[in-house]
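Open the model in your viewer and keep the sequence beside it. Here is a short tour with two stops.

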Amino acid sequence: MKVVCVGGGPASLYFSILMKRVDPSHDITVYERNPAGSSYGWGVTYWDELFHFLHGVDPESARAISECSVRWDSWIVHLHDRATITVEHGDEGSGVSRRRLLDIFTERARALGVRIEFEREVTDEREFPDADLIVAGDGVNSVLRERHAAHFGTEIAVGRNKYVWLGTTKVFDSFTFAFTETPHGWIWCYGYRYDQDRSTVVVECSPETWRGLGFHEANEADSLALMEKLFADILDGHSLMGRTQIDGSAHWLNFRTVTNRRWYRDNVVLLGDAAHTTHYSVGAGTTLALGDVAFLVDALHGDPRLAGALARYERERRSVIRAPQRAARYSARWYENLPRYIDLPPHQMITLLDQRNSRVLAYTPPWLYYRIGQITGRLSALRSGGGPTWQSRSSE
C-alpha cells in the first residue's frame, strides 16, 4: 500500500512502524507541520499494560522507551494545611519525555524505511491522489477531520475548568497531588516525573478561581510566579516552566472531549486524538492512541478490501473506546465538583479521589458512597492492603 500519515505524533509514527513490520513493502510517508524536535508537552504517562503491548509488537522501540522511563508506585496527596497522605496505591506507573518518545519512534520508523517530512502542513487529502490510505493522526485540531466534520459527525464538549500544562525541575518520587485553598476557591495540581531531572505539573481550577486569582489578565511570568507561591510546599524552591504564547500570556486551556460517529471517509481514517480524546486526569491518551494503531494495522492486514478493513476498525475500536471515555468524563466531573468532596475527612476525600471514575459517585452523597464501599469492600484506594500513611499535618 501507498500510505500517507498526516501528523508526526506517537499515533502516526507508531502506525508507520507496525505497518512496516508486518509488510516492509508498504510505501509510507509521515508529514509533520512543525520542525523536528519542536514537540509540545513535557511528560507522557503509561502503565505496565501498555509497555507489555509495545514489547510484544516491537521489542526494539519498547526497550528504548523502557531505558528512558522513570517509575512510581505510590501517591502523595497534600490537602492544604490539613493533611499530607501517602497512599501505597499498588499500581506502578511510568513516565517518559514526550520529545524522547517521539525521537525513539522517529528513529525506529526511519530505520524501517519510513519517510518523515517535517515542516510540511497538509490541509487537503486531495494533495495525495495516488495514496491508497491517508491516516489523519493530526491531533485534537485535525484539519482533515474538520474538512469533513459533518460526515464524521464530530462533536466537541468543552470542559468547565481551566488548566495549564507545565514543567518543573522538581523531581517527584511519587505521583503527587496538591490541593490549595485560596480566598477565591480551590486550585490544585498533580505532578509526576518523566526523566531523571524533570517533572510534569498540571494545574487546574474553576473559572471563578482562575479569574479571582487574576490569571485571566496576567502574563506568563506573573502566572508562573503565583503558581510557584501557591504550590511552594511541593516545589521545594524549584521553578515552573511554561509555554509562552505570542501575546505573552500563559497557555491556559479548557479541555475538549472529541467524539466522532464515523472514523473514516473513503480512504481517510482517523487515529488517536483526531478520533477521540479522554480527559488528561485519567492519563490514557497515549495508551488509547497506540491501541488504535494496533486495531487498524490488524484490520488492514486481515481484510484485503480497504472499506471492509476500515469499517471493522471503526466498529471494534469505537466499542473499546466507550468505557475509558466514559470513565474520563466522570473523572473530569469529579474535579469540576471538587467542593462536593474537599471538606470530607482527608482519608475519605482521598479514597473518593481514587474512585473518581465511578459512574455512581456523581449521583450518590459522598459520605454514603464511602460507607457503602466500606461495607462491600469495593473501595480501591486502600487496595494494596497497607492503606494510607499519614505523614504530617494530619487532622480529621
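This is a predicted model: local features need pLDDT of at least 70, side-chain atom pairs count only at pLDDT 80 or more; totals for chains, interfaces and linings use all residues.

Residues are numbered from 1 along each chain as its sequence is written, and side-chain values use heavy atoms, with hydrogens and water left out.

**Stop one: Arg21**

Select residues 10–22. This is helix H1, and Arg21 is in it. Helices here are DSSP runs of H or I with at least four residues; strands are runs of E with at least two; both are numbered from the N terminus.

Is Arg21 buried, partly exposed or exposed? Arg21 counts as partly exposed because its relative accessibility is 37%. Buried means under 20%, exposed over 50%, and partly exposed lies in between (1.4 Å probe, protein chains only).

Now show the side chain of Asp58. It makes a polar contact with the side chain of Arg21, at 3.2 Å. Such a contact is a pair of N or O atoms within 3.5 Å; within protein, one must be able to donate a hydrogen and the other to accept it, and residues adjacent in sequence count only if both atoms are side-chain atoms.

**Stop two: helix H11**

Select residues 306–336, helix H11. How many residues does H11 give to the lining of the second largest pocket? H11 gives six, the largest share.
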